[in-house]
2 protein chains.
Amino acid sequence: MRETWVVGAASNRFGKMKETGREAATRVSLAAIEASGLAPKDIGYTFVSNCFGIAEHQAHVGPLINGGLGIPEVPSCTIESACSSSSAGLHEAFVQVAGGFVDAALVVGSEKLSHLDTLAATSYFAIAADYPFETKNGATFPGLYATLASAYLGAYRTTPEMFGAIAVKNHANAARNPHAHFQKEISMETYLHSPIIASPLRLYDCCPFSDGAAALVVAAKEFVKSPQSEPLVIRASARAGAITEMQDRPDLLGLPSTRTAGAKAFRQAHLEPRDIDFAEVHDCFTIAEALALEDLGFFPRGGGARAALDGLTTRDGKLPINSSGGLKAKGHPVSATGVSQVVEVYEQFNGLAKGREVPRTQTALTHNVGATGGSCSVHIFSRR
Amino acid sequence: MRETWVVGAASNRFGKMKETGREAATRVSLAAIEASGLAPKDIGYTFVSNCFGIAEHQAHVGPLINGGLGIPEVPSCTIESACSSSSAGLHEAFVQVAGGFVDAALVVGSEKLSHLDTLAATSYFAIAADYPFETKNGATFPGLYATLASAYLGAYRTTPEMFGAIAVKNHANAARNPHAHFQKEISMETYLHSPIIASPLRLYDCCPFSDGAAALVVAAKEFVKSPQSEPLVIRASARAGAITEMQDRPDLLGLPSTRTAGAKAFRQAHLEPRDIDFAEVHDCFTIAEALALEDLGFFPRGGGARAALDGLTTRDGKLPINSSGGLKAKGHPVSATGVSQVVEVYEQFNGLAKGREVPRTQTALTHNVGATGGSCSVHIFSRR
């Protein structure tokens with residue numbers, strides 16, 4: 001297996017895009033290729049994610065992007081795994097490059113939903129749940145994650161301020177990230193007085209609907225030779241699934257797919273949770289960040305929610321989490337999210353995370369969940 | 001790179017399914033695993049294709065299928081490349097297994113559209129074209145392929161009977177295939193008197209909208225050891241792209257992505273077109289079969305359309321083409337098509353193609369196109 005690097009990364013500003021999803025995808029792809037020092041013709045395969053292309057009447061986006069890059073002959077496909085789509089794309093890119101099938105691959109995620117009303121957007125999101133058992137009975141993601149939060153509140157001594165501290169921390173980080181949807185801090189007061197969306201989740205527990213696009217270039221060490229910027233060595237690329245339907249799970253105090261993918265990733269990398277310097281975890285709701293920190297082995301059961309309040313996961317804490325602002329405040333353009341987590345690692349490794357630097361940047365982890373954990377991807381990166 | 005085999009394959013009957021796409025996908029997956037002699041727990045990755053899951057309110061299908069197979073922890077993703085989706089999935093499965101990342105992978109395509117009216121179904125299909133340049137201006141696939149047919153008629157001495165002979169041949173084959181949507185022969189008379197759909201294409205030039213599901217198990221030779229049935233050795237798995245928009249192509253007398261992927265596949269396999277004993281090619285319209293035969297190098301330019309009329313591509317001809325009945329008559333459940341072409345090779349290799357046997361079954365080729373050739377996959381298989 002060849003040593004495989006992320007050698008270029010780019011993101012637009014999440015929020016509301018004027019351009020179409022394909023245009024944004026093409027633009028960030030060009031920027032990522034430029035950052036990598038490679039040329040479009042070096043790309044051997046393009047993995048696109050664009051879950052809600054249907055909302056723009058557009059599937060089969062890969063050839064359109066490759067056409068825009070001037071490499072129409074390059075093969076492509078679109079990869080969907082709900083909110084973990086583009087990290088699933090990164091996994092395929094890693095496999096293709098590490099296995100020697102191509103020397104370099106492009107991974108790009110793009111999403112545009114802002115032209116839809118909230119009901120339509122929520123309906124699109126909901127197709128990632130189990131239709132006959134969940135969606136058809138009225139379940140949407142705020143409700144499903146509220147169920148996880150309720151289970152958590154019932155099991156552990158948890159105060160609203162614990163979830164609030166996650167939101168406050170991630171907004172503070174996003175305020176320093178030019179890619180973020182919400183570039184403003186919030187106070188605990190604002191959090192505590194925000195309206196209930198799905199009890200116990202408040203408005204500021206929830207990530208926004210965002211448009212956005214982000215891209216990575218993945219390449220073999222032996223192909224790149226002299227990288228233009230500090231590369232991310234892919235130490236682990238692990239994925240796992242789990243039972244989709246929450247009612248069929250033995251336990252709601254965590255996501256089984258995170259546990260499986262996380263354990264697999266640490267095994268692959270020959271590392272332990274304490275070796276990770278900082279991480280981007282999937283915080284579509286504040287409860288999701290709490291569960292991720294436990295499922296990945298960073299904090300003990302019941303310790304995930306209080307970590308932010310205790311100052312352990314702020315940028316200057318023991319383990320900085322979501323220095324980008326996370327899905328919560330950077331935003332969650334579904335198909336761009338997995339890739340954008342890696343963009344944050346790239347920017348931290350390369351001194352590009354101005355004003356939101358984390359102190360140690362030797363080894364980082366990204367964690368991306370599909371739906372309520374039917375799928376999960378965990379990647380571990382380190383410096384050369 | 002490890003020698004990689006297709007060790008199990010299954011298809012349901014194409015046409016109209018009562019069950020949902022996910023149910024059909026789970027059923028054919030179980031059948032393919034059973035045929036392989038492996039157990040569900042041997043599967044390391046599941047690649048699903050299900051382009052129009054949105055029409056059933058369902059994305060993120062992989063975890064649902066894996067849940068049904070009793071292997072919820074296995075990672076999965078959904079792969080879309082328009083009508084070449086599940087052959088793109090086969091390519092990823094090949095890469096994962098040949099590269100040593102997993103020992104066995106499941107590839108399954110499933111589609112259900114029959115609950116939609118024709119306009120809605122046509123609209124779903126149309127999203128695989130270029131929206132602003134093609135779809136938005138009223139182009140649908142019958143119109144786009146009619147443009148290719150017109151260019152062909154203008155360039156070569158072609159008679160309606162040539163296209164008709166392709167339809168007559170493929171219906172005759174489908175009449176002997178229990179998986180086929182249309183299990184009936186048609187006469188040249190019927191073809192010539194069928195209504196024009198998009199001039200010059202007649203009703204019997206066009207494949208139907210079909211529901212259907214098909215699955216393959218791909219595994220490493222060293223993992224399988226003693227296969228339960230005759231395996232298909234994957235000699236080549238090649239993909240390519242091309243400019244999506246037909247108006248931007250220098251030439252309409254063929255599909256550039258077929259030429260690129262075909263040449264790549266023959267290089268990988270160290271074979272030439274004359275080494276192929278039989279092939280399944282992408283005949284969404286009769287013109288598409290004619291172009292494929294030329295682009296793959298089986299017949300000279302302008303010779304593709306007359307091959308069927310000359311008896312060269314019938315089951316007892318020099319190079320049997322679409323012994324399954326092809327998309328034209330076996331049917332075209334978009335995401336199941338690429339996999340179902342390989343099911344035909346599996347059945348021919350294993351003496352399961354009763355009544356439609358081809359005489360030589362040492363080496364076979366499958367050719368699967370996305371949209372009007374924005375993507376293409378070519379696979380070559382041989383016996384051990």
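These legends go with a set of close-up views of a predicted model.

**View 1. Chain A as a whole.**
Chain A is built from 13 helices and 11 strands. Its radius of gyration comes out at 19 Å, close to the 21 Å that the globule rule gives for 384 residues, so chain A is as compact as a globular protein of that length. Along the principal axes, the C-alpha atoms of chain A fill a box of roughly 55 × 45 × 40 Å. Of the 384 residues in chain A, 65% are buried.

**View 2. Where the two domains of chain A meet.**
Across the boundary, 39 residues of domain 1 of chain A are in contact with 34 residues of domain 2 of chain A. On the domain 1 side, strand S1 (4-11), helix H3 (85-98), strand S4 (104-111) and strand S7 (212-220) of chain A are the elements that give two or more residues. The largest share of that side, seven residues, comes from H3(A). Sorted by class, the domain 1 side has 19 nonpolar, 16 polar and four charged residues.

**View 3. The largest nonpolar core, around Val218.**
This core holds 259 residues, and A:Val218 and B:Val218 are those with the most contacts inside it. Both domain 1 (4-116 + 210-232) and domain 2 (138-207 + 234-379) of chain A give residues to this core, so it lies between them. Zoom in on A:Val218 and you'll find it touching A:Thr4, A:Val6, A:Leu90, A:Ala93, A:Phe94, A:Val97, A:Ala104, A:Ala105 and A:Val107, leaving aside residues up to four places away in sequence.

**View 4. Strand S7 of chain B, wrapped on both faces.**
Nine of the nine residues of strand S7 (residues 212-220) of chain B are buried, so this strand is largely enclosed by the rest of the structure. One side carries B:Gly212, B:Ala214, B:Leu216, B:Val218 and B:Ala220, the other B:Ala213, B:Ala215, B:Val217 and B:Ala219, and all are buried. Strand S1 (residues 4-11) of chain B runs antiparallel to S7(B), joined by seven bridges, with B:Thr4 opposite B:Ala220. Strand S4 (residues 104-111) of chain B also pairs with S7(B) in the antiparallel sense, over eight bridges. Here B:Val108 stands opposite B:Ala215.

**View 5. The contact between chains A and B.**
Chain B and chain A put in 45 residues each. From chain B, the elements giving two or more residues are helix H2 (61-68), strand S3 (76-80), helix H3 (85-98) and strand S8 (232-241). The chain B side has 21 nonpolar, 18 polar and six charged residues. Strand pairing crosses between the chains too: three bridges join strand S3 (residues 76-80) of chain A to S3(B), and the two run antiparallel. In this pairing, A:Ile79 stands opposite B:Ile79.

**View 6. Helix H4 of chain A against helix H5.**
In helix H4 (residues 118-126) of chain A, the residues to look for are A:Tyr124, A:Phe125 and A:Ala126, which are buried. The buried residues of H4(A) pack against helix H5 (141-155) of chain A.

Conventions:
Residues numbered from 1 in each chain as written. Chains lettered and ligands numbered in written order. Predicted model: local features only at pLDDT ≥ 70, side-chain atom pairs only at ≥ 80, totals over all residues. Contact = placed C-beta atoms within 7 Å. Helix = DSSP H or I, 4+ residues; strand = E, 2+ residues; numbered from the N terminus. Nonpolar A, V, L, I, M, F, W, Y, C, P; charged D, E, K, R; others polar. Pairing = 2+ DSSP bridges. Core = buried A, V, L, I, M, F, W, Y, C linked by C-beta atoms within 7 Å. Buried ≥ 20, exposed ≤ 12 C-beta atoms within 10 Å, placed from the backbone. Domains from an automatic or database assignment. Rg over C-alpha atoms; globule rule 2.2 N^0.38 Å.
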